[in-house]
Structure formats: structure tokens, C-alpha cells
Amino acid sequence: MAVTPDGSYAELVPGLVALSAGDGIVFTAMFIAAGTGVADRDQGIASGIASTGSGMGAAVGLALLVLVQTAGLGGLTGEPLREATAQGIGDALFAVAAGIALTFLVALLRPGGRPAVQPAAAPIPPCRGRRC
């Protein structure tokens, strides 16, 4: 289904539901990844860096999407403006999909694989004839 000037808000619901589910998965995974392998005393710093990166990415990403969406709207009015706006929204959605696919490929093909696993601490020996 394409974005059209005569589209309804109801047509947006499936995409919004999918986006919400994806956000829940991605943000949870992002904070798990940010805290994995980080010392307990540095967990707040790791979370802050992940939050800051997310906020900055959202701001820059929104600016770029608005740039994509509004390209070519200068001087248009009436029906040509409506059609060009719908086309621009479709182009922005395509840019988002391409960005998601590119991010997925980078994550799949990145060198290094999994983070190093910390060795388990030696078990505490049982108490022998004394109070523990």
C-alpha cells in the first residue's frame, strides 16, 4: 500500500503497531547491550551513554527525514502540494526502511561477534566445623 493524499489515519494503524513492537524489542536490547560486560559501578554511565546516543540519533534522524520529506515542495500549492507531500512521506518511509536494513546488515556482518565472557568466580568452599 502506498501513501496517498486521500489516505486515512486507519491505514496507519498496522505500521504504528509494528513500530511499537519493534521499539519495545530494540530499546530493551539496546540497554541490555549497553550494560553487558560493564562493571556494576559503571552501569549508570553505560545507560546514560546509550540514552544520549539514542536521543541524538533521534534528533539527527528526524531532521534528515524532514529534509527528505520536504524536498521538492518549494513553490507548490493546492493539489500538486498534496501529492508531492504524500510522495515525500513515502520517500521518508523508504529511507527509514533502507536504514533499518542497512543497520541489520552491519549488525550481522560486524567483526568481533559476541562480547568476551567473564570467567565464573570460584565457588566458596563449604564451612567445615565452624560457623559461617
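Reply: Gln 69 is buried, because its relative accessible area is 15%, and buried means under 20% relative accessible area, with over 50% called exposed and the range in between partly exposed, using a 1.4 Å probe and protein chains only. The model is a predicted one, in which local features need pLDDT of at least 70 and side-chain atom pairs count only at pLDDT 80 or more, while totals for chains, interfaces and linings use all residues. Residues are numbered from 1 along each chain as its sequence is written, and side-chain values use heavy atoms, leaving out hydrogens and water.

Gln 69 belongs to helix 2, where a helix is a DSSP run (H or I) of at least four residues, numbered from the N terminus. Leaving aside neighbours within four places in sequence, Gln 69 is in contact with Thr 85, Gly 88, Ile 89 and Ala 92, contact being heavy atoms within 4.5 Å. The side chain of Gln 69 also reaches the backbone oxygen of Thr 85 at 3.3 Å.

Turning to the helices themselves, the axes of helix 2 (residues 43–70) and helix 3 (residues 78–109) come within 7 Å and cross at roughly 140°; axes are lines fitted to C-alpha atoms over the stretch in contact, and angles run from 0 to 180 degrees between N-to-C directions. That angle makes helix 2 oblique to helix 3, since oblique is what remains after under 35 degrees (roughly parallel), over 145 (roughly antiparallel) and 65 to 115 (roughly perpendicular). On the helix 2 side, the contact is made by Leu 65, Val 68 and Gln 69.

Terms used. Helix = DSSP H or I, 4+ residues; strand = E, 2+ residues; numbered from the N terminus. Polar contact = N/O pair within 3.5 Å; in protein donor to acceptor, adjacent residues only side chain to side chain.
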